[in-house]
Amino acid sequence: MADESVDESELYRFSKRPAFRPHAAANEIYITRQKNLIVYFNRAQELFDSGENEVVIHGLGAAIEPAIRLANLIKQRSLGKYTLFVNTNTVPLIDDYEPLQPDVEEKAQVRYNSAVHIRIR
């Protein structure tokens, strides 16, 4: 009797859905690991210079550490002018398994990732 187990990579194409983001306000910055931290720092500085009283930094998963570094950099460079208010939560993320064969049904999987939200005032 032959083993009829099939590798899932032959049945499905795996893809991650983008994390849900509510409509971002003008003073919100979503951090990714693809951009240099100075890009986000300059954006936050532009917001404060234009009269914003508060900037909100969001980091998800691997972007938590850069989000925290950015908030600390802003506070340090402002010589303590701003205060940081930090919240954390867990965000559901959905992974899709798209069938590669017609007789295979679609699947989705929910996983959870940590997030940080830092208000700078």
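How many aromatic pairs does the count come to? Three. The model you have open is predicted.

**Stop 1: Y12 and Y97**

Select Y12 and Y97 and show their side chains. The ring centres are 6.0 Å apart. The planes stand at 80 degrees, so this pair is edge-to-face; the cut-off for that class is over 60 degrees.

Now colour by strand. Y12 belongs to β1, residues 12-16, while Y97 belongs to β4, residues 84-99. The pair therefore ties together parts that are 85 residues apart in sequence.

**Stop 2**

Keep Y97 on screen and select F14. These two rings also form an aromatic pair, with 5.2 Å from centre to centre. Their planes are 55 degrees apart, and the pair is tilted.

F14 lies in strand β1 and Y97 in strand β4, so this pair ties together parts 83 residues apart in sequence.

Show Y12, F14 and Y97 together. Ring pairs link them into a cluster.

**Stop 3: charges over rings**

Which face does K107 lie over? That of Y97, at 5.3 Å from the ring centre.

Next, select R121 and F85. R121 lies over the face of F85. The distance to the ring centre is 4.9 Å.

**Stop 4**

Move to S78. Where does S78 lie? In the loop between α3, residues 64-77, and β4. S78 is buried, with 17% relative accessible area.

The backbone oxygen of K75 lies 2.9 Å from a polar atom of the S78 side chain.

**Stop 5: α2 against α3**

Finish with two helices. Select α2, residues 37-49, along with α3. The two pack with their axes 10 Å apart. The angle is about 50 degrees, which makes α2 oblique to α3. Is the crossing left-handed or right-handed? The crossing of α2 and α3 is right-handed.

**A last view**

Bring back the cluster of Y12, F14 and Y97. Then show S78 in its loop between α3 and β4, with the backbone oxygen of K75 beside it at 2.9 Å from a polar side-chain atom.

How values were computed: Residues numbered from 1 in each chain as written. Predicted model: local features only at pLDDT ≥ 70, side-chain atom pairs only at ≥ 80, totals over all residues. Heavy atoms only, no water. Phe/Tyr/Trp six-rings, centres within 6.5 Å; stacked < 30°, edge-to-face > 60°. Helix = DSSP H or I, 4+ residues; strand = E, 2+ residues; numbered from the N terminus. Lys NZ or Arg CZ within 6 Å of the ring centre and 35° of its normal. Buried < 20%, exposed > 50% of the residue type's maximum accessible area, 1.4 Å probe, protein only. Polar contact = N/O pair within 3.5 Å; in protein donor to acceptor, adjacent residues only side chain to side chain. Axes fitted to C-alpha atoms, helices over the stretch in contact; angles between N-to-C directions. Parallel < 35°, antiparallel > 145°, perpendicular 65-115°, else oblique. Left-handed = near helix turned anticlockwise from the far one by under 90°.
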